[in-house]
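Me: Please take a close look at a single part of this structure. I would like a connected account of that part and of what surrounds it.

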Amino acid sequence: MPKGPQKKAGGRVRGYRFLEPCLLNQLLRGPAHGYELAAGSQHCGFEGGEVIPSIVYRTLRDLEEQGHVTSEWEMESGRKPRRVYTLALQGEDYLSALIQEVREMDKVLHTLLEVHDSIMQEKAREGAQQEPVTEGRSA
């Protein structure tokens with residue numbers, strides 16, 4: 001599963017397109033601090049919860065600016081102030097739309113993988129049926 005922003009085929013960063021629905025899903029359970037949300041990303045498939053915290057906080061700020069989450073400072077004696085994030089009603093609607101997109105993408109990805117596997121199996125069968133060519137002789 002995705003582990004931090006990694007460059008994959010084509011040099012693009014993958015995995016983080018799923019960070020918004022991952023964070024919103026966690027907030028669906030209830031309010032949480034940013035570090036809890038970053039750590040909880042492992043439940044969304046991010047390996048070991050290893051997402052870059054600055055990207056989590058930037059995403060949370062963006063979601064807050066868009067009205068999908070709200071935040072408040074939590075002041076506890078003996079601790080540094082921390083933000084507590086809560087899913088807004090608008091965020092629930094946004095999450096539903098994101099999940100629908102992910103479901104549609106899931107269908108496309110499964111079909112793509114099935115087609116790829118089928119082609120690879122055909123190529124393996126063809127390769128097994130061909131006689132090896134030796135020097136000076138053709139098959």
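Reply: Cys-44 is partly exposed, with a relative accessible area of 33%, whereas Cys-22 is buried at 2%. Buried here means under 20% relative accessible area and exposed over 50%, with partly exposed in between, for a 1.4 Å probe and protein chains only. The model is a predicted one, in which local features need pLDDT of at least 70 and side-chain atom pairs count only at pLDDT 80 or more, while totals for chains, interfaces and linings use all residues. Residues are numbered from 1 along each chain as its sequence is written, and side-chain values use heavy atoms, with hydrogens and water left out.

The two cysteines form a disulfide, with their sulfur atoms 2.4 Å apart; the criterion is a pair of cysteine sulfur atoms within 2.5 Å. A search of the whole structure finds one such link. Cys-22 lies in helix 1 and Cys-44 in the loop between helix 2 and helix 3, so the pair links distant parts of the chain, 22 residues apart. The link is right-handed, with 90° about the S-S bond. Helices (H or I, at least four residues) and strands (E, at least two) are DSSP runs numbered from the N terminus.

Gly-30, whose phi is positive, near 150°, follows helix 1.

A nonpolar core is a set of buried Ala, Val, Leu, Ile, Met, Phe, Trp, Tyr and Cys residues joined through side-chain atoms within 4.5 Å. Of the 20 residues in this core, Leu-19, Leu-24, Leu-27, Leu-37, Val-56 and Leu-60 touch the most other members. The elements that supply two or more residues are helix 1 (19-29), helix 2 (34-40), helix 3 (53-65), strand 5 (82-87) and helix 4 (89-129). In soluble globular proteins, nonpolar side chains tend to be buried together.

Neighbours within four places in sequence aside, Leu-60 is in contact with Leu-23, Leu-27, Gly-34, Leu-37, Val-69 and Tyr-85, where contact means heavy atoms within 4.5 Å. Gly-91, in helix 4, is buried at 0% relative accessibility. Its contacts, with neighbours within four places again left aside, are Leu-24, Gly-67 and His-68. The C-alpha atoms of Gly-91 and Pro-21 are separated by 9.9 Å, although the two residues are 70 residues apart along the chain.

Two strands pair if DSSP finds at least two bridges between them. Strand 4 is joined to strand 5 by six bridges, and Ser-71 stands opposite Tyr-85 in strand 5. Two bridges join strand 3 to strand 5, with His-33 opposite Val-84 in strand 5.

For the setting as a whole, the protein chain has four helices and five strands, which run β-β-α-β-α-α-β-β-α from the N terminus on. Of its 139 residues, 27% count as buried. Residues 24 or more positions apart account for 52% of the contacts with a separation of 6 or more. The accessible surface comes to about 10000 Å², of which 52% belongs to carbon and sulfur atoms; such areas come from the Shrake-Rupley method with a 1.4 Å probe, and for residues only the protein chains shown count as cover.

One point concerns confidence. The mean pLDDT of the protein chain is 84, and 80% of its residues reach 70 or more; pLDDT is the predictor's confidence in each residue, from 0 to 100. Over residues 1-13 the pLDDT is below 50, and this stretch has 21 contacts in the model beyond near neighbours in sequence. Where pLDDT is low, the predicted coordinates should not be read in detail.
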